Amino acid sequence: MSSESKPPFPPFTQDTAIQKVRMAENAWNSKDPEKVSMAYTLDSYWRNRAEFPRGRDEIKTFLQRKWARELDYRLVKELWAFKDNRIAVRFAYEWHDHEGNWFRSFGNENWEFDKNGLMQSRYASINDMPIDASERKLDWVTGPRPDDYPSLTELGL
C-alpha cells in the first residue's frame, strides 16, 4: 500500500460506503481545498458540470473558485448505491452569491476509488434552483453537518 491512503478501502460494504460518503461531505463542508484534494489520487479525473479538472492541483484551483463564488455553502450527501470500488451519491447544497441571491443545488455523483481508498474519478451532474432565504433547509453553523441534523430524505430533498 502506498504512503497515501484514505480508509475505508474498497471493496465497500453498506457501512463503509456510508462512512465514505459522510467523510466526503464533512471534508467539502470544511471548504478547505487542500484538505479536500487529499482524498483524490494525484491524477484524479473529474467531470463537474462543464469543467473537467485533472489532478490535485486543478482540483484545488477549481475548489478555490467554487467557494469564492458559492458563499455560506452547506452540503448534504446521501448514499444511493455502491459496488466493489464504486459509490453513487445524491446530494443537495445551498449557497448564495455576492449579491445575496440564494440557490439550492441538486445533483448526483459517481465515484471510483483506487485500492488505497483515494478517489480516482468523480462524475457530477448538478442543477441549480433559485430559492428565497426563507426556504433554506441547510442552515447549521458552518462546518460539518451535526450528527443529529436531518438527512436529505428526512428533509424531503
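## About the model

This is a predicted model: local features need pLDDT of at least 70, side-chain atom pairs count only at pLDDT 80 or more, and totals for chains, interfaces and linings use all residues. Residues are numbered from 1 along each chain as its sequence is written, and side-chain values use heavy atoms, with hydrogens and water left out.

## Overall build

The protein has four helices and five strands. Helices (H or I, at least four residues) and strands (E, at least two) are DSSP runs, numbered from the N terminus. Along the sequence their pattern is α-α-β-α-β-β-β-β-α. The radius of gyration is 15 Å, close to the 15 Å that the globule rule gives for 157 residues, so the protein is as compact as a globular protein of that length. That radius is taken over C-alpha atoms, and the globule rule is 2.2 Å times the number of residues to the power 0.38. The C-alpha trace spans about 50 × 30 × 25 Å along its principal axes.

Of the 157 residues, 48% are buried. Buried means under 20% relative accessible area, exposed over 50%, and partly exposed in between (1.4 Å probe, protein chains only). Contact means heavy atoms within 4.5 Å. Among contacts with a separation of 6 or more, 56% come from residues 24 or more positions apart.

In soluble globular proteins, nonpolar side chains tend to be buried together. Here, the largest nonpolar core has 27 residues. Such a core is a set of buried Ala, Val, Leu, Ile, Met, Phe, Trp, Tyr and Cys residues joined through side-chain atoms within 4.5 Å. Trp 28, Leu 63, Ile 87 and Trp 111 have the most contacts inside the largest core. Elements that each supply at least two of its residues include helix H1 (14-30), helix H3 (55-69) and strand E1 (40-48).

What does Leu 63 touch, not counting residues up to four places away in sequence? Its partners are Trp 28, Pro 33, Val 36 and Trp 46. A second, separate core has eight residues, including Val 76, Leu 138, Tyr 149 and Leu 152.

Asp 43 lies in strand E1. Ser 44 is in strand E1 too. Is each buried or exposed? Asp 43 is exposed, at 60% relative accessible area. Ser 44 is buried, at 0% relative accessibility.

Leaving aside neighbours within four places in sequence, Ser 44 contacts several residues, among them Pro 53, Ile 59 and Met 119. The C-alpha atoms of Ser 44 and Glu 58 are 9.6 Å apart.

## Backbone details

Two peptide bonds deserve a look. The bond from Pro 7 to Pro 8 is cis, with omega near 0°. The bond from Pro 10 to Pro 11 is cis, with omega near 5°.

Lys 31 is not a glycine, yet its phi is positive, near 55°. Lys 31 lies in the loop between H1 and helix H2 (33-37). Asp 72, in strand E2, has a positive phi of about 50° although it is not a glycine. Lys 31 is partly exposed at 24% relative accessible area, and Asp 72 is partly exposed at 41%.
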